[in-house]
Amino acid sequence: MRSEKRSGSGERYGDAVAVSTAVLLVEAVIGAIAAHAWGETREDPGAPTGAFGLAVLVVTAPFALMAAAIVLGAVSAGLVLPLLEGGRWLGRRFSGREAWGWVPLAVGAASAVAALAGWARWEAGAGDVLAGWAVATAVLAVPALIVRRAVPAGRPRLPLRALLGRVALCGTLAAATVWAGAGAALHAGAAYEPPRLDAARIAGTWSDGAGGVLDLAADGGATAHRLGSSVPVDDGCSGTGTWSYAPGGGPWAQEVTVAVDGCEPVPWSVGGTPGRPKLFVYVGDADLGDRYVLRRAPDASGGDRTMRG
């Protein structure tokens, strides 16, 4: 009898870890969708993804999924289930029963300790600390509450396949809802678009804030001084030549082509805002997203070479 109880307890524990891991995977998918939508609202367009990058993503996706399952399984066993038990203990200790409300309370308390430790270590702002605490609490409390509901103690055990099927169905619906909502918001105007310029607004002096200057004359002449678009900024590129503007089929397709003697012809893209436009090119490996940025000379400031790692 004791062996059967121990076996049943072990099976329930395994079911709880599996359900929690599946819920965390769903949360990771929803988080990726939200991060993508947020990235679309940023001025930084990010690194373009080429055919090679897509191929690598497809090939590595199964391995990444397995690695994520292992890591999230460890998170489930090491954090989610202990916090669930902590919530159950708090309920028994202070109210005499295991009410569900004690679970997010236990998770929130543990997340607060972690957030304060992070604040002391990295001196983050109060807003960042509060946001981190809220996200951590939600991410850990949701699987804990679902496990509490799906694998209750003292009730007949449901087959693991049925439990995971329910998580998959509800998770798919939740991810689809978030995707549709994010798409609607971006389509309604939340997504960032570069300002629409013309040749008259582009003509003028542009600076990288570190000694590099590009002067675009209204008659189509161009003068570069220590420009670092195609060579290291320390060496720079100087000379005279011409420039032209192509509006393309939309704000993302605008290009300013500069041809200066002694420098590689570079098509510059348009960024920034209508009040503070920018010209930029990708530097080095485009998959890394490193950009070299020029701003209007009156608005120039140091550190304009924007890197994304």
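Guide: The count comes to two cavities of 30 Å³ or more. A cavity is a set of points, on a 1 Å grid over the protein atoms alone, where a 1.4 Å probe fits but cannot get out. A volume is the space filled by probe spheres set on the points, with grid points joined across faces, edges and corners. This is a predicted model: local features need pLDDT of at least 70, side-chain atom pairs count only at pLDDT 80 or more, and totals for chains, interfaces and linings use all residues. Residues are numbered from 1 along each chain as its sequence is written, and side-chain values use heavy atoms, without hydrogens and water.

The second largest cavity has a volume of about 50 Å³. Its lining includes Arg12, Asp15, Pro152, Arg155 and Leu163; lining residues have an atom within 4 Å of a point. By class, six are nonpolar, none polar and four charged. Ala, Val, Leu, Ile, Met, Phe, Trp, Tyr, Cys and Pro count as nonpolar, Asp, Glu, Lys and Arg as charged, and the others, Gly among them, as polar.

Pro152 and Arg155 also line the second largest pocket. A pocket is an open set with protein on both sides within 12 Å along at least five of seven lines. About 300 Å³ of space lies in this one. Arg88, Glu98, Trp100 and Arg148 are among its other lining residues. Its lining divides into four nonpolar, no polar and five charged residues. Helix H4 (residues 126-150) gives the largest share, three residues. Helices are DSSP runs (H or I, at least four residues), numbered from the N terminus.

Conventions. Helices (H or I, at least four residues) and strands (E, at least two) are DSSP runs, numbered from the N terminus.
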